[in-house]
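Please have your viewer at hand as you read.

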Amino acid sequence: MEHVSNWLLLAPAGAFVVSAMLLFVIDSFDPESKHDTLLAAVTTAGAAVAMVISAALLLSGTADSGVELFGGQLVVDGMSLVFTFIFGSVTALVGLASADYIEDLPHKAEYYLLILLAATGMSLMASANSLAVVFVALELASLPSYALVAYLKTNRGSVEAALKYFLVGALSSSILAYGISLIYAATGSLLLPDVAAAAGEASELYTGVFGIGILMVLGGFAFKTASVPFHFWAPEAYEGAPAPVSAFLSSASKAAGFVVAFRVFVVAFPIDSVAGSVDWVLAFQVLAVLTMTLGNFAAATQENVKRMLAYSSIGHAGYVLIALAALTGLGDQGLVLGSGMLHLLVYGFMNTGAFLFVALAEYWNVGRTFRDYNGLGKEAPVACVAMTVFMFSLAGLPVGGGFLSKYFLIVGSVGAGVWWLGAVLAVNSALSLFYYSRVVKAMWIDEPDEPREIERYPTALYVAIVAAAVVTVALLPGILVFDSAAFDAAAALL
Amino acid sequence: MLIEALIALCLLGAAVVFVAPNRFAHKLAVGFSLPPLAISLYMYLAFDGSGNALLGGDIAYETFAQWLQLGSYTVNYHMGLDGISLPLVVLSTILTTLAILSAWTPIDERQSQFYGLMLFLEASLIGVFGALDFLLWFVFWEAVLIPMYFLIGVWGGPRRKYAAIKFFVYTNIASLVMFIGYFALVFGLGDSVSSTGLPEIAQALRAGQLGSLGIIGPDMLALAAFVAMFLGFAVKVPVVPFHTWLPDAHVEAPTPASVMLAGVLLKMGTYALLRFNFTMLPGQAEILAIPIAVIAVISIIYGAMLALAQSDLKRIVAYSSVSSMGYVILGLIAYTVYGVGGATFQMVAHGLISGLLFMTVGVIYNTTHTRMVGDMAGMAEKMPVTAGVFVAGAFAYMGLPLMAGFAAELFIFLGAFESTVLPYAPLFTAVAMFGIVIVAGYLLWAMQRSLFGPFRLETDYEIGPAALHDVVPLVTLVLLIILLGSAPMVFFESIQDATLDIVATLGGGI
């Protein structure tokens with residue numbers, strides 16, 4: 001009986017794997033399938049199952065205390081379930097939207113397969129309880145991502161972006177691997193709880209080795225979350241990739257980077273024990289301020305909507321970094337970390353939706369700049385209302401859950417005594433309204449330069465966008481479904 | 001549950017109208033605005049609250065449910081009305097219906113989106129006046145910006161994009177400042193409060209439970225929070241020198257949006273000042289009484305003089321709002337029953353009167369396609385009803401007895417004159433009264449030049465009487481203004497009941 005429930009706990013990851021295998025089978029029997037609806041349906045259904053199971057496990061409290069599997073290599077707890085929910089929802093939306101986006105492109109089965117395998121890697125990242133699993137899961141998530149960015153292989157931008165992404169990714173993976181080896185050298189273990197147990201001693205005996213190891217691990221995560229100083233791949237990769245892949249990377253992949261960072265730093269490097277080597281809370285404070293500010297200011301100067309969203313996604317990584325930067329030991333620490341999770345959850349919907357709208361615009365060939373979006377509101381009012389919701393919610397206006405999760409971060413940081421982080425967030429958030437509202441202004445207020453005619457309204461893409469918008473709005477009152485689960489999960493981790 | 005019904009009906013209407021065909025969106029919108037109007041009137045008649053909602057009074061139509069748990073704070077869904085907020089809810093529903101009617105003529109493109117946004121605006125406004133938890137209130141407060149941004153930006157005049165973004169950015173930054181101010185108070189109260197609810201915070205503050213926040217002591221914290229919230233709301237009101245967004249927004253906005261902007265949105269600022277600054281932190285208001293009164297008087301006089309200098313009818317009405325809102329601030333800082341009650345009365349009265357004047361200017365513009373005073377003369381000859389209404393509105397503004405403006409200003413002057421909180425109160429009151437003379441000056445002058453004398457207007461348009469659906473809102477508003485002005489006490493008593501507790505702390509007096 002015990003084994004059954006343990007396997008059930010891994011069911012979200014299982015759902016990803018099974019649907020990936022199903023795609024393998026379909027592709028073997030029917031290569032270059034013309035049944036693209038089937039492929040998209042399998043992907044979306046698999047991801048939706050993962051999402052529903054995660055939510056059910058999370059809300060039923062089955063894994064509240066955390067269940068260790070495979071000798072402690074994996075752990076399923078509230079936090080891992082919150083994040084598998086995020087991965088499931090983002091993958092479902094992206095899978096649905098891709099049905100229309102890639103309808104004229106080859107290698108469809110591979111495309112969906114790579115997305116599902118990356119999602120599998122991400123759900124393992126959420127549960128990884130040892131540095132070895134962290135590394136393997138991270139590579140499992142990363143390698144498909146490189147290929148996905150290069151999916152438009154006849155498109156120069158796509159290939160260039162993938163190459164840049166891959167090179168920076170390979171470099172940061174090696175930094176991470178080296179950091180892990182240094183930590184192993186200093187503590188003699190790869191299991192996160194064991195590292196934590198040995199951290200105090202390691203910090204005294206091997207101050208330099210241990211400290212440099214922690215900083216290198218931090219660098220590896222900064223890459224995955226697109227945070228300063230390893231953010232510069234993000235604008236190119238998000239701009240060059242097919243828009244649904246950009247949505248997937250900037251929402252799910254970023255969240256995956258954060259879940260590992262949350263677990264590794266909170267569990268393996270208790271700040272009291274490692275403060276002698278390196279004060280990572282301080283390091284995250286610096287990174288948070290730099291990432292927020294740089295992302296927002298760079299976003300404000302863009303003319304290309306997708307690139308603006310890419311920089312805004314860096315800005316949002318900065319907001320979530322507050323969740324680690326405010327772990328000062330003061331106030332309600334569960335609130336701090338839990339708000340970071342909630343922000344990623346809301347962000348998963350609103351940012352995915354925004355990139356999917358860009359996918360819709362690419363589908364219509366309307367162009368990429370703000371100017372090209374002029375007057376879209378007249379031709380596609382429903383999609384444009386959804387995009388307006390995404391933009392305002394990203395900016396933190398209270399039309400969607402984005403307002404509340406930012407507010408939680410502010411309350412948490414003030415409670416933790418780092419009110420200035422909250423203030424930087426508030427100011428950045430107010431500034432961000434400027435560039436988000438440019439999209440809104442273009443869609444509804446400005447007149448198009450030349451008349452255009454939209455002929456096809458892709459159903460699946462529309463459904464994905466509208467669903468993302470509905471959930472974004474519903475998360476304003478409805479965040480109460482998740483907030484206590486997230487705060488409890490965070491508190492359990494601390 | 002009646003407030004929720006109001007909001008839900010408006011939102012439902014907004015959604016239906018938004019996707020309805022342009023052809024009959026206007027009629028559909030009026031239809032959807034009528035049930036909320038009827039419900040709000042019923043709520044006014046069946047009102048059984050007493051006292052101030054923030055200070056332990058009986059809250060009418062209350063709904064309470066826990067929304068979020070944030071560490072040691074709960075955030076609640078808490079709605080309810082008292083004698084201050086109920087009149088403003090009714091004002092919102094009345095003006096929305098009338099503004100939608102007044103939009104039938106001028107709005108000739110993207111009608112369904114326009115009317116959808118108007119109903120969405122109505123829902124947000126009702127939420128602002130009904131919410132009794134800060135976060136809930138803030139959600140509605142910010143939500144108001146969105147429809148107004150589009151109403152100005154899409155259907156406005158030539159410089160609409162500039163005006164819309166200026167309005168949006170100005171008021172959004174102001175919201176941020178105010179938000180920080182309020183949360184400084186919440187954190188300063190520490191463990192003595194367990195929610196962000198307005199009643200709980202107000203009562204804890206008045207019980208003197210404010211502690212230190214970091215190195216800032218309680219007195220300094222309260223003063224800083226007062227200033228931050230005052231600045232935030234002052235932009236919305238607006239008072240000089242934060243008024244510069246207002247003429248741009250008003251001149252560019254389409255008439256129905258101007259009606260809502262002047263009629264209800266400006267009142268959000270004064271309503272919030274009353275609810276937050278003057279109810280929660282009376283001690284700080286007393287300390288800052290002279291600067292606030294100076295700002296009020298400057299707004300009254302300078303706003304009126306700016307109006308005097310304009311030749312665009314819409315700008316005249318827009319600047320005169322700055323002046324009228326100055327009276328509200330003066331009434332509030334007086335901290336007397338008549339002062340605060342009169343200020344609330346003025347909010348409603350000015351909502352009706354400025355709505356009326358904007359609509360009248362709109363009707364004239366629809367026909368003549370100009371708003372310049374110098375371009376027209378003798379309009380009374382061609383448009384007798386509109387001209388008559390304009391005269392009535394102007395006299396209401398000047399404070400002609402038996403009209404709402406007179407009652408409101410009389411209450412404010414009575415209250416301000418007797419104030420024990422404001423030093424040199426008689427002096428401030430006397431200077432403020434002088435503002436009425438300027439108001440009379442610019443309105444009479446503008447009317448004389450545009451309405452009377454021999455008819456003169458160089459235009460290719462056919463000039464004739466306004467359509468019935470343009471005249472109905474105008475006449476309705478005139479009747480309401482006269483009703484309010486001839487029987488002010490009926491209305492004043494419910495307000496007074498809610499303001500007694502506010503003034504009681506500082507000795508009050510009538």
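## Ground rules

A residue is called buried if 20 or more other C-beta atoms lie within 10 Å of its own, exposed if 12 or fewer, and partly exposed in between, with C-beta atoms placed from the backbone. This is a predicted model, in which local features need pLDDT of at least 70 and side-chain atom pairs count only at pLDDT 80 or more, while totals for chains, interfaces and linings use all residues. Residues are numbered from 1 along each chain as its sequence is written, and chains are lettered from A and ligands numbered from 1 in the order in which they are written.

## Positive phi in chain A

Most residues other than glycine have a negative phi, and most peptide bonds are trans. With that in mind, look at A:Asn365, whose phi is near 55 degrees. A:Asn365 sits in the loop between helix 15 (333-363) and helix 16 (376-379) of chain A; here helices (H or I, at least four residues) and strands (E, at least two) are DSSP runs numbered from the N terminus. A:Asn365 counts as exposed because it has 10 C-beta neighbours inside 10 Å.

A:Phe70 also has a positive phi, near 55 degrees. Its place is the loop between strand 1 (67-69) and strand 2 (74-76) of chain A. With 13 other C-beta atoms within 10 Å, A:Phe70 is partly exposed.

## A helix pair in chain A

Helix 4 (residues 78-101) and helix 21 (residues 480-493) of chain A have axes that come within 8 Å and cross at roughly 135 degrees. That makes helix 4 of chain A oblique to helix 21 of chain A. Axes are lines fitted to C-alpha atoms, for helices over the stretch in contact, and angles run from 0 to 180 degrees between N-to-C directions. Angles under 35 degrees count as roughly parallel, over 145 as roughly antiparallel, 65 to 115 as roughly perpendicular and the rest as oblique.

On the helix 4 side, A:Gly78, A:Met79 and A:Val82 meet residues of helix 21 including A:Ala485, A:Asp488 and A:Leu493. Two residues are in contact if their C-beta atoms, placed from the backbone, lie within 7 Å.

## Chain B as a whole

Chain B has 21 helices and 4 strands. Its radius of gyration is 22 Å, close to the 24 Å that the globule rule gives for 510 residues, so chain B is as compact as a globular protein of that length. The radius is taken over C-alpha atoms, and the rule is 2.2 Å times the number of residues to the power 0.38. Buried residues make up 65% of the 510 residues in chain B.

## Loops of chain B

Which residues does a cis peptide bond with omega of about -15 degrees join? They are B:Val237 and B:Pro238. Another cis bond joins B:Val240 and B:Pro241, with omega about 10 degrees. B:Pro238 is in the loop between helix 9 (218-236) and helix 10 of chain B, and B:Pro241 lies in the loop between helix 9 and helix 10 of chain B.

B:Ala253 lies in the loop between helix 10 (245-252) and helix 11 (255-280) of chain B. B:Ala253 is buried, with 28 other C-beta atoms within 10 Å.

## Where the chains meet

In the interface, 20 residues of chain B are in contact with 21 residues of chain A. Helix 7 of chain B gives the most to the chain B side, with 7 residues.
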